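Here is a short briefing for a first look. Keep the sequence and the 3D view side by side while reading.

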Amino acid sequence: GQQRDEFSEDFVNDIMPYVEKNYRVLTARNDRAIAGLSMGGMQTLNISMSHLDKFAYVGVFSSGVFGRRAPGAAGGAPGAAPPAEWEEQHPMLDNAALKKGLKTLWFSTGSEDFLLQTTKATVEMMKKHGFDPVYKESGGGHTWLNWRDYLTEFAPLLFR
């Protein structure tokens, strides 16, 4: 069976409603962005591609879709293509109507980052499903210096 993604469930079912109830925020899709770095980048993809109707802007920094692997099992390592079951668990990847409302799908990873191939494979998977992702490769590795720059470049794209 499908493995539960408790983080994504908590984010969508608890955190988002809490923020919307307790803070003055706009709640339309065009007013929502989500971004994450490293493991948070994969969580960003899990959340946004399961709830594409809720987000118009998606940023993935130094990350992509990677599988979980059991000790000693092959596959799922950084650099491998996204696991087929991830695509199967995200049927919104092929929802043309929802893709129209996605204004930005933005990826950036450093040329020396151990997740570089994972990012590239994820960008190619998104293209295969008809998305038009932005992909930027910087210098450097899996570092705060890069993530700071990615946020500086991604943030001005939001809410336009």
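Predicted model: local features only at pLDDT ≥ 70, side-chain atom pairs only at ≥ 80, totals over all residues.

Strand β1, helix α2 and strand β2 make a right-handed β-α-β unit.

- Strand β1 covers residues 33–37, and its side chains alternate between two faces.
- Ile-34 and Gly-36 point to one face and are buried.
- Strand β2 spans residues 57–61 and pairs with β1 in the parallel sense, over 5 bridges.
- Within that pairing, Ile-34 has Val-58 of β2 as its bridge partner.
- Helix α2, residues 39–50, belongs with β1 and β2 to the right-handed β-α-β unit.

**Ser-108 in strand β3**

- Ser-108 is found in strand β3, which runs over residues 104–110.
- Is Ser-108 buried or exposed? Ser-108 is buried, at a relative accessible area of 2%.
- Leaving out residues up to four places away in sequence, Ser-108 touches Val-60, Phe-61, Ser-62, Lys-136, Glu-137 and Tyr-150.

**Aromatic rings**

- Trp-106 and Phe-154 form a tilted pair, 5.8 Å centre to centre with 45° between the planes.
- Trp-106 lies in strand β3 and Phe-154 in helix α6 (residues 144–154), so this pair ties together parts 48 residues apart in sequence.
- Trp-106 is buried, with a relative accessible area of 1%.
- Phe-154 is buried too, with a relative accessible area of 2%.
- Trp-144 and Trp-147 are an edge-to-face pair, because their planes stand at 80° and their ring centres are 5.3 Å apart.
- These two tryptophans, Trp-144 and Trp-147, are 3 residues apart in helix α6, so about one helical turn separates them.
- Trp-144 is exposed, with a relative accessible area of 65%, whereas Trp-147 is buried, with a relative accessible area of 8%.
- Which residues do ring pairs link into a cluster? The cluster holds Phe-61, Trp-106, Tyr-150 and Phe-154.
- A charge meets a ring as well: the charged end of Lys-99 sits over the ring of Phe-131, 5.0 Å from its centre.

**Salt bridges**

- Lys-128 lies in helix α5 (residues 116–128) and Glu-87 in helix α3 (residues 84–88), so the pair ties together parts that are 41 residues apart in sequence.
- Lys-128 counts as exposed, at 58% relative accessibility, while Glu-87 is buried, with a relative accessible area of 17%.
- Lys-120 and Glu-137 also meet in a salt bridge, at 3.6 Å, N to O.
- That pair links distant parts of the chain: Lys-120 is in helix α5 and Glu-137 in strand β4 (residues 134–138), 17 residues apart.
- Lys-120 is partly exposed, with a relative accessible area of 31%.
- Glu-137 is partly exposed, with a relative accessible area of 40%.
- Lys-136 forms a salt bridge with Glu-153, and their closest N and O atoms are 2.7 Å apart.
- Lys-136 lies in strand β4 and Glu-153 in helix α6, so the pair ties together parts that are 17 residues apart in sequence.
- Lys-136 is partly exposed, with a relative accessible area of 34%, and Glu-153 is partly exposed, with a relative accessible area of 35%.

- Ile-15 has its place in helix α1, residues 6–22.
- Ile-15 is partly exposed, with a relative accessible area of 40%.
- How many residues apart in sequence are Ile-15 and Leu-102? They are 87 residues apart in sequence, and 22 Å apart in space from C-alpha to C-alpha.

How values were computed
Residues numbered from 1 in each chain as written. Heavy atoms only, no water. Buried < 20%, exposed > 50% of the residue type's maximum accessible area, 1.4 Å probe, protein only. Helix = DSSP H or I, 4+ residues; strand = E, 2+ residues; numbered from the N terminus. Pairing = 2+ DSSP bridges. Right-handed = clockwise from strand over helix to strand, strands pointing away. Contact = heavy atoms within 4.5 Å. Phe/Tyr/Trp six-rings, centres within 6.5 Å; stacked < 30°, edge-to-face > 60°. Lys NZ or Arg CZ within 6 Å of the ring centre and 35° of its normal. Salt bridge = Lys/Arg side-chain N within 4 Å of Asp/Glu carboxyl O.
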